[in-house]
Amino acid sequence: MDKYSILKKYFGYPSFREGQELMIDSILNGQDVLGIMPTGAGKSICYQVPALLLPGITIVISPLISLMKDQVQSLNQAGIHAAYINSSLTESQISKALRLAAAGQYKIIYAAPERLETYEFMQFAYQAEISMLTVDEAHCISQWGQDFRPSYLKIVQFVRRLEKRPVISAFTATATEKVKEDILCVLGLLNPRTLVTGFDRKNLYFAVETPAKKDIYTMRYIKEHEAESGIIYCSTRKNVDKLYEKLAAAGVLAAKYHAGLGNEERRQNQEDFIYDKKPVMVATNAFGMGIDKSNVRYVIHYNMPQSLENYYQEAGRAGRDGEPSECILLYSAQDVVVSRFLLDSKEPNDEQTREEAAQVRERDEERLRAMTRYCQTTDCLRGYILRYFGENGQLRCENCRNCTREYEETDITKEAQKIISCILEVRQRYGINVTAGMLAGESRAKLREYGVSQYEAFGSLKEYKENEIKAMIQVLLAEGLLLMTADRYSLLKVLSGADEVMQGNRQVIWKKAKQNPQQAASEKKTDKNSLRRSDLLNSKGLELFERLRALRMEIAREKSVPPYVIFSDKTLVDMCVKAPFEKQEMMKVTGVGENKYEWYGERFLKVIFEFSGGEREKYYFGETDPVQPRSEYVQQGTARAKKADFYLTKDQAERFPYAERYLAAEIAEQLNELRDEQTTKKTSGAELFRRMQAEEYAGEKRINGIWKKYVTNKGQEAGLFIGMRSSRTGKEYEDIYYGEKAQRMIVEHMIKM
Ligand code: ADP
């Protein structure tokens with residue numbers, strides 16, 4: 001058999017994903033590999049497929065007992081002989097498993113690193129033919145990472161003791177450059193093939209919401225996503241208990257998890273969640289390590305975590321099956337205060353010198369600031385995360401709240417000048433609270449203590465609420481005009497770029513979300529369903545899906561395995577789409593391999609046949625099979641938002657009011673007037689300009705610290721030209737105008753037949 005037949009036969013997939021083949025081929029050629037791939041990318045296939053093709057046994061080192069069990073169950077369900085050896089087994093069970101392993105009963109054996117130095121395991125290793133050693137969660141070997149496990153160092157000694165060195169393959173989802181070097185070096189990989197696929201998880205939708213009442217928001221969200229599985233992370237045990245009580249009182253099937261519960265209770269609750277008996281889990285961050293549940297459809301953070309590292313890891317537990325899933329962070333200013341308090345009360349580590357402790361503290365502070373900026377940015381959230389992890393984040397992903405939200409742009413140059421003057425006047429000695437309070441003309445005790453009323457800036461922005469002023473200060477921070485000091489006082493300092501603003505040479509724009517966040521959750525309902533099964537499947541299709549789900553649950557109970565180990569949600573959806581009546585058709589469903597077909601294919605066929613009364617019917621919307629090309633939908637971002645990207649019909653385009661000259665924003669305004677609001681997203685001046693840049697009609701460059709737009713020769717020919725405008729403060733500056741010829745070109749471009 002070759003790798004393709006293995007993939008289809010055991011795993012039921014028609015093709016490999018990006019990077020998988022490279023890893024598999026290298027291993028089969030005897031080369032060590034290191035795969036750094038995000039959660040859900042499909043690392044397991046990278047070593048499981050070659051494990052079946054190599055002559056001997058593959059040993060997989062994994063740090064987590066629950067993960068091993070899950071993996072082994074999945075393999076067994078696919079018809080692959082595998083076993084795990086860890087402390088959850090009794091001595092005699094371990095002996096038996098090792099005996100069977102030595103006799104060649106298993107192709108894949110999962111083991112905890114501590115096992116490697118036991119006498120029994122070593123005896124087995126001497127007898128057996130070990131073709132490959134796989135190190136899962138390989139970052140645990142690095143002392144630089146957050147999850148260092150000293151027992152991982154035993155792997156190196158183990159390999160040295162073997163007579164014949166097996167191929168070594170290592171995989172991880174998290175690796176900075178330092179951790180990567182550590183893995184390569186400590187594990188002693190020989191001339192390894194390294195693969196780093198991006199960190200981006202295209203199927204995840206990111207959002208930050210600021211609801212007035214988080215519990216009401218959460219409750220509504222859960223109700224709107226009934227029958228879907230989700231995790232709600234809270235920062236404290238108390239919050240977990242409180243929210244859990246509320247959910248339980250409202251009749252939500254939820255489980256809870258935190259370190260304050262007894263072992264047995266925790267185990268039971270975790271199992272209820274994994275086995276889909278209780279679809280919602282409310283937990284502290286103690287929950288989740290080693291949870292491999294693939295159909296978690298949403299992760300809500302009830303509080304802001306302390307770093308983006310934590311956030312991305314926790315949020316990343318959504319959508320491991322590659323299906324669209326949502327990661328929502330509920331932010332309130334109070335979260336920052338609590339996080340800072342938690343940092344302050346962190347016990348210093350005895351082994352650290354004072355300097356080291358200060359460094360760690362500084363690093364934690366910086367992480368917290370980056371996390372806070374994520375909650376406040378109006379830019380693309382995905383782009384923000386990716387840039388944080390050192391990748392080139394795109395400017396717009398069209399699959400996060402910020403990209404799909406509509407903004408109102410206000411010129412706040414004048415207000416910015418007042419803020420900057422204020423900070424200079426107080427000689428940069430105060431933080432955001434005092435500054436905003438002073439500008440708003442507040443007189444609380446604390447402000448009186450500082451004597452703020454004696455400054456000229458006092459009350460100079462009193463037409464605004466304090467919160468609005470804070471938001472404007474955030475804009476200036478984000479624009480790099482101000483800086484907040486990295487110490488605990490977080491003082492506001494003025495940066496050099498502020499001069500331009502003071503002189504009126506630079507405009508400051510405040511992008512404000514148009515919607516009130518309270519409306520967001522329900523509005524998103526229509527929006528978010530679009531990529532989900534409820535948008536793919538029509539009402540009969542959904543009914544069939546529920547029948548198949550019930551059958552899956554029945555089988556899972558019989559076998560005592562989690563339902564997703566039988567078939568993923570994606571597979572069930574594809575069954576509804578293809579609605580197979582016989583084996584040949586069923587084998588085309590994604591995720592249906594030979595063995596699974598043998599075991600339960602007929603039971604599913606029967607349900608489908610009986611449901612449809614033997615008549616071929618269509619259970620999905622649209623003309624073509626909607627399941628296959630879905631990953632492309634996500635990339636293009638057109639499917640999540642129900643509305644299509646901006647376009648005009650020919651008739652609409654004919655009504656465009658051409659004029660001698662327009663600015664891009666004016667063209668966008670006219671275009672938006674013409675479009676069909678119900679079905680088409682808005683365009684904007686910025687978007688039109690981006691297109692012009694992409695087509696090289698125009699561009700932007702920084703001259704003496706100021707961004708200036710320019711028109712290329714090609715642009716001039718097309719009717720673009722530079723003209724003067726004046727800002728609200730009366731300063732003149734250059735901008736691009738579009739003559740009639742250019743307007744026609746743009747309108748033509750927007751027409752969809
Ligand atoms: P990781 O370990 O990288 O987090 P997994 O190995 O758990 O990811 O795989 C994530 C999901 O993707 C699983 O449901 C797996 O079956 C699925 N998957 C992996 N490879 C493929 C493939 N080539 N085609 C379709 N689905 C795949």
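1. A word on terms before anything else: "buried" here stands for under 20% relative accessible area, "exposed" for over 50%, and "partly exposed" for what lies in between, using a 1.4 Å probe and protein chains only. By that cut-off Cys422 is buried, at a relative accessible area of 0%.

2. Keep in mind that this is a predicted model, where local features need pLDDT of at least 70 and side-chain atom pairs count only at pLDDT 80 or more, while totals for chains, interfaces and linings use all residues. Residues are numbered from 1 along each chain as its sequence is written, and side-chain values use heavy atoms, with hydrogens and water left out.

3. On the overall build: the protein has 34 helices and 22 strands, taken as DSSP runs (helices H or I, at least four residues; strands E, at least two) and numbered from the N terminus. Along the principal axes, the C-alpha atoms fill a box of roughly 85 × 70 × 55 Å. Buried residues account for 52% of the 753.

4. Now the ligand. There are 14 residues around it, and Tyr13, Ser15, Gly40, Ser44 and Arg320 come nearest; to count, a residue needs a heavy atom within 4 Å. Helix α3 (residues 43–53) gives the most to this shell, with three residues. By class, the shell has five nonpolar, six polar and three charged residues. Nonpolar covers Ala, Val, Leu, Ile, Met, Phe, Trp, Tyr, Cys and Pro, charged covers Asp, Glu, Lys and Arg, and the others, Gly among them, are polar.

5. Some ligand distances to check by eye: a ligand oxygen is 2.6 Å from an N or O atom in the Ser44 side chain, and a ligand nitrogen is 2.9 Å from one in the side chain of Gln20. The backbone takes part too, with a polar atom of Gly42 3.1 Å from a ligand oxygen. Taken alone the ligand exposes 570 Å², and the protein buries 83% of that (Shrake-Rupley areas, 1.4 Å probe).

6. Don't go looking for disulfides (cysteine sulfur pairs within 2.5 Å): the structure holds zero. The sulfur of Cys403 has its closest cysteine sulfur in Cys400, but at 3.8 Å that is too far for a bond. Cys403 counts as buried, at 6% relative accessibility.

7. Lastly, Asp276 sits in the loop between α11 (263–274) and β11 (280–283). Asp276 is buried, at 17% relative accessible area, and its side chain makes a polar contact with that of Lys293 at 2.5 Å. A polar contact is a pair of N or O atoms within 3.5 Å; within protein, one must be able to donate a hydrogen and the other to accept it, and residues adjacent in sequence count only if both atoms are side-chain atoms.
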